[in-house]
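Good morning, colleagues. Please have the sequence and the model in view.

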Amino acid sequence: ESLFDEAISACQKAVDFSGNSTDVLLNLAFGYAVSGKEEKALEIIEEMHKWPEHKYISNFQKAWVYAGLENKDKAFQYLDLAYNDRDPDLVYLKITPLIDDLHADPRYNALLRKMGLE
């Protein structure tokens with residue numbers, strides 16, 4: 001069993017224990033994304049789009065799932081939504097390793113400038 005499989009298994013247990021917490025589900029989606037299980041990651045995101053509007057889903061966390069899928073355009077689309085929504089998770093923008101692959105993209109530095117975090 002690979003480390004990815006172990007991490008996914010742990011996340012699946014956490015989803016059950018948490019009662020389908022959005023944070024935990026997005027962690028599971030990221031695990032699927034970086035382990036090459038794109039379809040499973042996208043299934044989770046698509047299912048969340050069907051949830052009631054009053055259930056908060058962090059656009060910043062969606063962005064890092066798409067970063068894990070190596071879909072930079074979608075990742076930046078959700079980062080922009082996170083910025084517009086004043087997503088509190090954006091405080092992790094410069095420190096989370098989950099979006100390291102986005103740092104070389106000029107849109108990353110542009111977002112940092114908009115936030116005053118250059």
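Predicted model: local features only at pLDDT ≥ 70, side-chain atom pairs only at ≥ 80, totals over all residues.

Let us begin with Y66, whose relative accessible area is 4%. Because buried means under 20% relative accessible area, Y66 counts as buried. Y78 is buried as well, at 7%.

How are the rings of Y66 and Y78 arranged? Their centres lie 5.5 Å apart and their planes stand at 0°, so this pair is stacked. Y66 belongs to helix α4, whereas Y78 belongs to helix α5, residues 72-84.

The structure contains two aromatic pairs. F30 and W64 form an edge-to-face pair, with 5.4 Å from centre to centre and 80° between the planes. F30 sits in helix α2, residues 22-34, and W64 in helix α4, residues 59-68, so this pair ties together parts 34 residues apart in sequence. Both F30 and W64 are buried.

Let me now turn to the protein as a whole. The protein has six helices and zero strands. Of its 118 residues, 39% count as buried. Among contacts between residues at least 6 apart in sequence, 54% join residues at least 24 apart.

Finally, the surface and the charges. The accessible surface comes to about 7,100 Å², and 50% of that belongs to carbon and sulfur atoms. The protein carries 13 positive and 21 negative side chains, and the centres of these two sets lie 4 Å apart. Thank you for your attention.

Notes:
Residues numbered from 1 in each chain as written. Heavy atoms only, no water. Phe/Tyr/Trp six-rings, centres within 6.5 Å; stacked < 30°, edge-to-face > 60°. Helix = DSSP H or I, 4+ residues; strand = E, 2+ residues; numbered from the N terminus. Buried < 20%, exposed > 50% of the residue type's maximum accessible area, 1.4 Å probe, protein only. Contact = heavy atoms within 4.5 Å. Areas by Shrake-Rupley, 256 points an atom, 1.4 Å probe, with all protein chains shown as cover. Lys, Arg positive; Asp, Glu negative; His and termini not counted. Charge placed at Lys NZ, Arg CZ, Asp CG, Glu CD.
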